[in-house]
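Please keep the sequence and the three-dimensional view at hand while reading.

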Amino acid sequence: MTWRATVEELVREFRASGRIVIVGASLAGLRAAETLREEGFTGSLTIIGDEPYEPYDRPPLSKQVLKGWVPADHTKLPRMREVDADWRLGVAAIGLDRAAKQVRLADGEQVPYDRLLIATGTRARQWPNPDEAALDGVHTIRSRDDAEQLQKELAEPPSRVLVIGAGFIGSEVASVCRELDIPVTVVERGSAPLVGALGGVIGEIAAQMQRDHGVDLRCGLGVSSLEGDAAGHVRRARLSDGSTVDADVVVASLGSIRNVEWLEGSGLAAGFWGVGCDAGGRAFDINGVVTDSIFVAGDVARAPHVLYEYQFLAMEHWDNAVLGAEAAAHNMVNLEPNYRPHLLLPGFWSGQFGVNIKSVGVPPFGDEIVFTQGSVEERHFAAAYGHRGRIVAAVTFDHGKWLEYYGKLIEQSGPFPPPPPGWDQPPDVKPMPAEFPDPRVPTAIPDVVLTGHAPSERTAEFRPRHR
């Protein structure tokens with residue numbers, strides 16, 4: 001038997017009787033499991049998740065669920081096919097032994113694997129003072145339970161909601177409050193809403209949009225402390241300028257934390273920015289060597305991207321979770337030359353204050369912006385971001401039909417300013433500084449993450465949850 005025939009036989013045996021474990025029972029984990037079965041894997045498949053629920057869709061949590069349109073328990077993800085898996089739900093993975101090829105669970109069980117997919121995603125960053133975070137009425141929003149509890153309190157309704165942080169989730173929560181006619185104050189340490197993700201030029205437009213809808217928006221300030229009453233319910237926030245805001249519901253929208261703590265001591269390249277991997281999802285060890293049996297997908301994956309100078313990107317986007325999981329699962333049951341790269345052009349959407357905001361590419365990679373179509377005054381426009389003479393991203397406000405055009409230009413490393421399509425070109429198509437804040441400032445951490453090759457290198461991030 002030739003060497004190639006021997007390898008092909010080993011692959012067939014693995015597909016028939018191998019053991020694959022997926023840690024992370026959310027969107028990426030489910031789509032990876034479906035792809036494995038679609039690829040002909042008939043061996044043992046185990047899916048581990050720390051929540052007690054089967055995979056559910058997260059984008060509706062900060063929109064339709066908070067509005068009361070959809071119950072939180074009606075967000076279960078549809079199954080594309082049967083996965084025939086052993087579901088271990090409600091128990092977290094707390095350790096990884098690569099030498100023994102075992103995942104250690106919180107209940108003490110050791111789950112063996114031949115190949116492992118890490119899809120543990122992110123969690124909401126909690127309010128930093130534990131006593132204040134424990135007050136009734138203080139919320140984060142990431143899980144189904146988070147959204148369900150917050151929706152109940154918004155339905156009462158509260159006298160005022162305080163949102164701490166004006167990123168995408170915080171801005172969407174504020175938008176829902178105004179739709180429900182609930183008074184809302186938004187406190188943002190940066191100069192404007194969305195400034196870390198889209199820059200100061202777009203941030204000022206977002207700020208005016210919020211104020212026009214009745215939001216009490218306070219930028220350039222932080223929240224020093226939260227105060228509760230004798231019954232343990234939040235009643236007031238003290239701001240960094242000494243002023244106070246009375247509120248009986250507080251939503252801390254402080255970004256997310258990648259779930260990598262369980263990998264400590266495993267020897268994988270896991271840290272603050274996620275788990276390092278190649279474009280095919282194969283995990284790196286701490287020395288930068290590609291592993292053969294461990295793969296990464298979803299929000300926790302951090303891989304180099306050819307369009308962005310091979311800097312490492314961590315993308316918290318719906319499409320990234322789906323397509324990255326499909327690529328990783330394909331590669332888990334194949335060998336070269338049949339590996340598939342995951343080179344998604346990042347994109348997201350967010351609905352807030354009656355406007356549909358969509359983006360393609362990585363805006364924080366750009367240092368210039370130009371309005372190419374439509375009207376800023378009417379909040380119906382397209383704008384492109386540039387870096388070193390080429391287009392790297394675009395954003396639209398209620399003008400999303402043109403995103404495909406800009407996406408193709410980005411993929412081709414097209415010129416900046418780009419040739420504008422359509423007929424609605426503004427009179428003054430002139431590039432200007434995009435006004436992204438210093439990424440070392442905490443409030444500037446957005447949500448695609450351009451992390452370079454080390455945390456000390458240029459960082460930008462981007463964290464919409466809507467894709």
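Two strands are said to pair if DSSP finds at least two bridges between them, and the helices (H or I, at least four residues) and strands (E, at least two) are themselves DSSP runs, numbered from the N terminus. The model is a predicted one, in which local features need pLDDT of at least 70 and side-chain atom pairs count only at pLDDT 80 or more, whereas totals for chains, interfaces and linings use all residues. Residues are numbered from 1 along each chain as its sequence is written, and side-chain values use heavy atoms, with hydrogens and water left out.

**Domains**

The protein is divided into domain 1 (3-57 + 77-123 + 257-338), domain 2 (130-253) and domain 3 (347-450), with bounds that come from an automatic or database domain assignment. The centres of domain 1 and domain 2, taken over C-alpha atoms, are separated by 35 Å. Contact, meaning heavy atoms within 4.5 Å, involves six residues from domain 1 and four residues from domain 2. Between them the two domains bury about 470 Å², with 46% of it on carbon and sulfur atoms; buried area here is the accessible area (1.4 Å probe) that two parts lose on being put together, summed over both. On the domain 1 side, Y53, Y56 and T122 lose the most area to domain 2, and together they account for 76% of what that side buries.

**Strand β11**

Strand β10 (residues 161-164) and β11 run parallel and are joined by four bridges, and I164 has V187 in β11 as its bridge partner. Strand β11 (residues 184-188) is mostly covered, since five of its five residues are buried, where buried means under 20% relative accessible area, exposed means over 50%, and partly exposed lies in between (1.4 Å probe, protein chains only). In a regular strand the side chains alternate between the two faces of the sheet. In β11 both faces are covered, with V184, V186 and E188 buried on one side and T185 and V187 buried on the other.

**The six-stranded sheet**

An open sheet is formed by six strands in the order β24-β25-β28-β27-β26-β29, with antiparallel pairing. Its edge strands are β24 and β29, each of which pairs on one side only. Within this sheet, strand β25 (residues 355-361) is mostly covered, with five of its seven residues buried. The following table sets out the pairings of β25.

| Strand paired with β25 | Sense | Bridges |
|---|---|---|
| β24 (residues 347-352) | antiparallel | six bridges |
| β28 (residues 390-397) | antiparallel | five bridges |

Individual positions show how these strands line up. S350 has I357 in β25 as its bridge partner, and F348 stands opposite S359 in β25, while S359 also stands opposite V395 in β28. The hairpin of β24 and β25 has two residues between the strands, and F353 takes a positive phi near 55° there.

In helix α9 (residues 403-411), the buried residues are L403, Y406, G407, L409 and I410. They lie on the same side of α9 because they cover an arc of only 160° around the axis, the arc being that of the directions from the helix axis to the C-beta atoms. What covers these buried residues includes β25, β26 (368-375), β27 (380-387) and β28. Just after α9, S413 takes a positive phi of about 50°.

P417 lies in the loop between α9 and β29 (432-433) and is partly exposed, with a relative accessible area of 37%. Leaving aside its neighbours within four places in sequence, P417 is in contact with V370 and P431. P417 and Y405 are 12 residues apart in sequence and 14 Å apart in space, C-alpha to C-alpha.

**Cysteines**

How many disulfides does a search of the whole structure find? The search finds zero, a disulfide being a pair of cysteine sulfur atoms within 2.5 Å. The sulfur of C177 is too far for a bond, because the closest cysteine sulfur, in C219, is 17 Å away. The two residues can also be described by their accessibility: C177 is buried, with a relative accessible area of 0%, and C219 is partly exposed, with a relative accessible area of 23%.
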